[in-house]
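Hi everyone, thanks for coming along. I'd like to walk you through one chain this morning, so please have a look at the screen.

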Amino acid sequence: MIFITVKFPVRPERSADWMDLVDEFTRATRREPGNLFFEWSRSVDNPNEFFLVEAFRDGEAGREHVESAHFKQAVKAMSYAVAATPQIVSIEVPDREGWDLMAEVSPHEA
């Protein structure tokens with residue numbers, strides 16, 4: 001599994017429409033056969049910062065993603081909305097196909 005997290009610093013005037021800007025890209029990526037998950041969140045400390053947590057089945061699926069038309073279109077569109085170059089962590093996690101359960105926390109009755 002290829003696990004990726006990207007931090008997007010967005011221009012303040014584009015923060016309100018960021019999720020609309022990436023909507024089609026998100027939907028197209030989630031339809032890719034090698035995509036395991038593709039999730040956005042907004043920073044609780046900085047309203048102009050968005051995080052993308054994504055994973056792909058393997059390196060081949062990741063390559064197909066970055067070579068797709070929707071990726072190229074999104075990169076171009078996002079370049080006009082970001083305030084700085086996004087930061088990324090990308091790592092290959094062997095023998096994984098998604099999320100594990102966290103052993104330390106589980107639901108209890110109140």
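This is a predicted model: local features need pLDDT of at least 70, side-chain atom pairs count only at pLDDT 80 or more; totals for chains, interfaces and linings use all residues.

Residues are numbered from 1 along each chain as its sequence is written, and side-chain values use heavy atoms, with hydrogens and water left out.

So, the hairpin. Strands β2 and β3 make it, with six residues between them. β2 covers residues 35-42 and β3 covers residues 49-56; the two run antiparallel and are joined by seven bridges. Within this pair, Trp40 sits opposite Leu52 of β3.

Let's step back to the whole chain. It has four helices and four strands, and along the sequence they come in the order β-α-α-β-β-α-α-β. Along the principal axes, the C-alpha atoms fill a box of roughly 40 × 40 × 20 Å. Of the 110 residues, 33% are buried; buried here means under 20% relative accessible area, exposed means over 50%, and partly exposed is in between, with a 1.4 Å probe and protein chains only. A contact means heavy atoms within 4.5 Å. Among contacts with a separation of 6 or more, 71% are between residues 24 or more positions apart.

Now the inside. A nonpolar core is a set of buried Ala, Val, Leu, Ile, Met, Phe, Trp, Tyr and Cys residues joined through side-chain atoms within 4.5 Å. Which residues of the largest core touch the most other members? Out of its 18 residues, they are Phe8, Trp18, Trp40, Phe50, Leu52 and Met78. The elements giving two or more residues to this core are β1 (2-9), β2, β3 and α4 (69-79), and β1 gives the most, with four residues. Leaving aside residues up to four places away in sequence, Trp18 touches Phe8, Val10, Trp40, Phe50, Met78, Ala81 and Val82.

Helix α2, residues 23-30, has Phe25, Thr26, Ala28 and Thr29 as its buried residues. These buried residues pack against β2, β3, α3 and α4.

On to the largest pocket, with a volume of about 310 Å³. On a 1 Å grid over the protein atoms alone, a pocket is an open set of points where a 1.4 Å probe fits, with protein on both sides within 12 Å along at least five of seven lines, and lining residues have an atom within 4 Å of a point. Grid points are joined across faces, edges and corners, and the volume is the space filled by probe spheres set on the points. Of its 20 lining residues, Val6, Phe8, Phe71, Val75 and Ile88 are closest to the centre. Two or more lining residues come from each of β1, β3, α3 (59-66), α4 and β4 (87-92).

Finally, the segment after β4. Asp95 is found there, and this non-glycine residue has a positive phi of about 55°. Most residues other than glycine have a negative phi. Is Asp95 buried or exposed? Asp95 counts as exposed, because its relative accessibility is 82%.

Definitions and conventions
Two strands pair if DSSP finds at least two bridges between them.
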